[in-house]
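My notes follow the model.

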Amino acid sequence: MACFLVPAGEAIVTTVIQKVVENNEKKSGAANTRESGGKWSQRLGWLNKMLWGGVMLLALEHIWHGEVVPWPPFLTAMQNPADVAPMLHEIATIGVGMAVFVTVVWVLMVIIAEAKSRTIPQVKAKPVAGGA
Amino acid sequence: MFLIMTALAAVIATVIWYANAPEDKYKVGMLSLFLWGATLMWLVDHVMAYLMEGGEFFELNLDATMLGLSVIVLALIVWMLILVISDPKGTLKKVLKT
């Protein structure tokens, strides 16, 4: 009915966090170093893309099924008071479940990426010797 | 059906991304994450609905198939728009100059 609203709310929050982290990384000049744990703005970008992509495609599904309409109150369940409680229940169960599951998958992705990046040998730039 | 179709599209996009990685000029990685996000969300939706209400896990009918196609087309349109706006090849810049 409106389960995608929970991931949408999370996506807004994580997008703001990503922007803040990106600015901090730019200020500290750590955006491209492995010491910073490696581009946290990039890692957060993965979560944002999954959340926004999911929200966008689920919104289409809800429009397809007539659960979301382009006029107020936008959610057809809101037009009938009897449908409001089931809608809130669906948001609390399926909506929260979706947001948690996507976040858990993202955490696993980050753990794997961090483990992989630690195995890559660090390359140090050497000054070029010789010449005139 | 739309869950299977979206998952299939996500797998194909991921394989294409991996084949070209670390180069990702055309943002295929972003497309694959869009599709994976939707796949994971629908997986939760299907599992929870199946556990709470029972019935068939997959909807195998024309409506669900058309929805699956529409979902993939929407994802491709959004990806294309982002690609054209960000213009990684500079094609739009060159075209608009002439």
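For the elements I took helices (H or I, at least four residues) and strands (E, at least two) as DSSP runs, numbered from the N terminus. The model is predicted, and I kept to pLDDT of at least 70 for local features and to 80 or more for side-chain atom pairs, while totals for chains, interfaces and linings use all residues. Residues are numbered from 1 along each chain as its sequence is written, chains are lettered from A in the order in which they are written, and side-chain values use heavy atoms, without hydrogens and water.

**Chain A**

I found three helices and zero strands in chain A, which reads α-α-α along the sequence. Of its 132 residues, 36% are buried (under 20% relative accessible area, 1.4 Å probe, protein chains only).

**Second largest pocket**

I looked for pockets on a 1 Å grid over the protein atoms alone, a pocket being an open set of points where a 1.4 Å probe fits, with protein on both sides within 12 Å along at least five of seven lines, and lining residues having an atom within 4 Å of a point. The second largest pocket holds about 510 Å³ of space, the volume being what probe spheres set on the points fill. It has 22 lining residues, and those closest to its centre are Glu90(A), Ile94(A), Asp45(B), Ala49(B) and Glu53(B). Two or more lining residues come from each of helix H2 (40-64) and helix H3 (81-119) of chain A and helix H2 (28-53) of chain B. H2(B) gives the largest share, six residues.

Key: Buried < 20%, exposed > 50% of the residue type's maximum accessible area, 1.4 Å probe, protein only.
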